[in-house]
Amino acid sequence: MTTTEPSYLENQSHRKGLASWIFSTDHKRIGVLYLISILIFFSVGVLIGVVMRLKMLWPGTHLYSAAAYNAFFTVHGVIQIFLFIIPGIPAAFGNFILPLQIGAKDVAFPRLNLLSWWVYVIGALLALTALFSGNGPPDTGWSFYVPYSLRTNTNVTLAVFAAFILGFSSILTGLNFITTIHRMRCPGMSWFRMPLFTWSLYATAWIQILATPILAVTLIMVMAERILNLGLFDPGRGGDPLLYQHLFWIYSHPAVYIMILPAMGVVSDVIPAFCRKNIYGYKAIAFSSLAIAFVGYLVWAHHMFTSGMSNTARMVFSLLTFLVAIPSGVKVFNWIATMYKASIKIEPPMLFAMTFLFLFAIGGLTGLLNGALATDINVHETYYVVGHFHYTMFGGTGMGFFAALLYWFPKMTGKMYNKRTIVVAWAHIFVGFNLLYFTMMIMGWLGMPRRYYSYPPQYHTYHVVATVGSWILATGVFMFLGAFLVALKKGTKVAANPWDATTLEWKTASPPPTENFQTIPTVTGGPYEFKDGHPA
Amino acid sequence: MNRAYANTTVAVDSVFWFIAGASALLLLLVTGLMVFFAIKYHRSRHPQAQETYESTLLEITWTLIPTALVMVMFWYGYRAFLTMRNVPADALTVKVTGMMWKWGFEYPNGKKTEVLFVPLNKPVRLNLKSVDVIHGFYIPAFRLKEDVVPGKDNYLWFQPQGMGAADIYCSQFCGLKHAYMMSRVEVLSEADFTAWYTSTNTTVAGTLNLSALPGIPLMQSKGCLICHRLDGTRGTGPSLLGIFGRTETVIENGKEKSVVVDDAYLRRALKEPSAEIVKGYADVMPPVPNLTEQDLETIVATLKQLK
């Protein structure tokens, strides 16, 4: 690389300023757009979470009204799920990194890619409008359960429409990634030479394409029922409320794997880079992603173990749920086997990848109590479930997202953050996280139901501990995000490959030129091959 | 007060301890290995990674052992679940109605209450009905829960094995006052239960002859006794036992003051519950609905006698 092409950060289009970003079809610029939007919504979601915890310091109706609390937990869920976790890693890092990892100039459909960002923004704006218009923000929980969601006079219709629109963004991204992976790999990049992050995006994209339309149909049915008074779900009009729950979870359970698979992909890339060692069980990890994507379709009704399904249905879904635990276990064992006899350096991305392993292991193992019928009946709809899914979604996907940001930020910006600040932030996140969410699981097992704006006195101590945990956690999160803002201004410049990592994205400049590679690379080996401690 | 429990408590807890124990061991194994490798093979001690060869046998092993383990967990969970679903034929059937935002109980002889009274060691079947949206009938002490779905005939059953009281919550979000859709289950000795069941009164005979007090059924029907207990123990609100003449620290407009509970205080507390809040309790009591002067007098007169 003797001649230096201008990086993608330098404007090369006829548009100027902001327009050169929001109308760009460069996958890297779109990835950055997504990253910024997603981080803003994530921060808002965190703040709402902190405000919710504040009310839980004491039982009763102090601080703000019950209606406000009910709106807060709904909006917190909608933002964190539809605007942060689902698009999170695929739309931000997938967009930026995927074409680089397979040696492509861009995704297969660059303009469709830009459209999907716009659809995301429009969906997000509609969701915000739903909060501040009509009869106030929806108060149903993010799951919009009928018949309550049909009868409440809050702004459910618009919020549901927003989720419907956001779904299309997800479908378009999935479609684009599948086509890109099938058609755009550089010479020599066979399927089993693809980095595992790309594999995880491939599995995710199939779920996005196949499951999201079911959500779209379900949400349209809710809107139709609210506007036209049809009797689809409301038993008062001859409908069936359980039909809604089935349809909702047929999407929303696979969506859990849309959320977690890309994070597993990040970890699969980060661990070998900081172990200076080839990943253990490449094929086992790649196939377990596909297995999770497939079996993940068949377990939706474990969200409905108390809804009154037949005993046989409950038994079958419990059995299938336990099966989906196995590929996740296989991944964890292979990651740890990779560390065996490695040469490990615990740089910030590795620190967060290991944190992912620990917190996700807790999230996965505590899920076993949800899978077993007898115990799930007790913990269903309690704080146990809230704690459990925050371990998987925040401890899993969230930490994976953080690891991705730490790992690829130098690639995206050519700059390095202050590693010391990151370690201090990590300590806060780790302590606060466990204080908050483990306490939630304990009080949930003891019977504390979720979505309660007040609570019986016996749960008071637990709520105080959890709230204190939320302060420590939020401090850590904002310290973490602040480190990147500082790095944008003051970060030290880095070389093309600061981690000495092996995958293709590190073989071009940091930040990469608009066309990604000066010459399209030709791949001759696996994605994680080291020789004498350096990329082979 | 004793803590009530049931056959289902025992069945579920044994599954819980098995799964939680196995999970704790697995977590310890995974985390322990991770930390151990991170220390032992740290670059400062181990500058050159060594090649490790993939082993299909190892992959199969760590697929099959967890599979066997989770199948055992599934089986235990399912077996205990069946215990929770197979109702004995001689069970006492109580009709439970969930509505925004309270629970109602109706017994085979037509008796209606807002607290669930059940006899010790007798199977009880609860038929769950909702008149509006989906609720969740949940007794944490019995580890029991089932959604109360409009238009659907869901049920639960249990056999109480310990006397005492336990909370009943609504577990499925049902709107504004979801958090206050509470009641209690009281497990009585068979004799006490029969006495209550066959009498015309709605509450239980204890050391106090509660049934002789006209205010008790009234307070029951107004829902007072869900939060205020009559046995001196703390509920969501203070116990009503010995309330008259008691000196309480209350908070009025954010300021603490000491009051002796008298006629005037009780009347104000019933009509404007938020005006003076007993210290240590939350400001959550709604004004008593449809309270006539006659009701006020009856209730206050009854409270005077609860010594």
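This is a predicted model: local features need pLDDT of at least 70, side-chain atom pairs count only at pLDDT 80 or more; totals for chains, interfaces and linings use all residues.
Strands here are DSSP runs of E of at least two residues, helices are runs of H or I of at least four, and both are numbered from the N terminus. Residues are numbered from 1 along each chain as its sequence is written, and chains are lettered from A in the order in which they are written. Local features need pLDDT of at least 70, side-chain atom pairs count only at pLDDT 80 or more, and totals for chains, interfaces and linings use all residues, while side-chain values use heavy atoms, without hydrogens and water.

B:Arg143 counts as buried because its relative accessibility is 15%. Buried means under 20% relative accessible area, exposed over 50%, and partly exposed in between (1.4 Å probe, protein chains only). The side chain of B:Arg143 makes a polar contact with the side chain of B:Asp13 at 2.6 Å. A polar contact is a pair of N or O atoms within 3.5 Å; within protein, one must be able to donate a hydrogen and the other to accept it, and residues adjacent in sequence count only if both atoms are side-chain atoms. A polar atom of the B:Arg143 side chain also lies 2.8 Å from the backbone oxygen of B:Pro140. Leaving aside neighbours within four places in sequence, B:Arg143 is in contact (heavy atoms within 4.5 Å) with residues of chain A, among them A:Ile377, A:Asn378 and A:Trp445. Its partners in chain B include B:Thr8, B:Val12 and B:Met84.

The interface joins 88 residues of chain A to 79 residues of chain B by contact. One salt bridge is found across it. A salt bridge is a side-chain nitrogen of Lys or Arg within 4 Å of a carboxyl oxygen of Asp or Glu. B:Glu146 forms a salt bridge with A:Arg314, with the closest N and O atoms 3.0 Å apart. On the side of chain A that touches chain B, α11(A) gives the largest share, 15 residues.

The largest nonpolar core has 265 residues. Such a core is a set of buried Ala, Val, Leu, Ile, Met, Phe, Trp, Tyr and Cys residues joined through side-chain atoms within 4.5 Å. A:Phe93, A:Phe480, B:Leu116 and B:Phe137 have the most contacts inside it. The largest share of this core, 20 residues, comes from α9(A).
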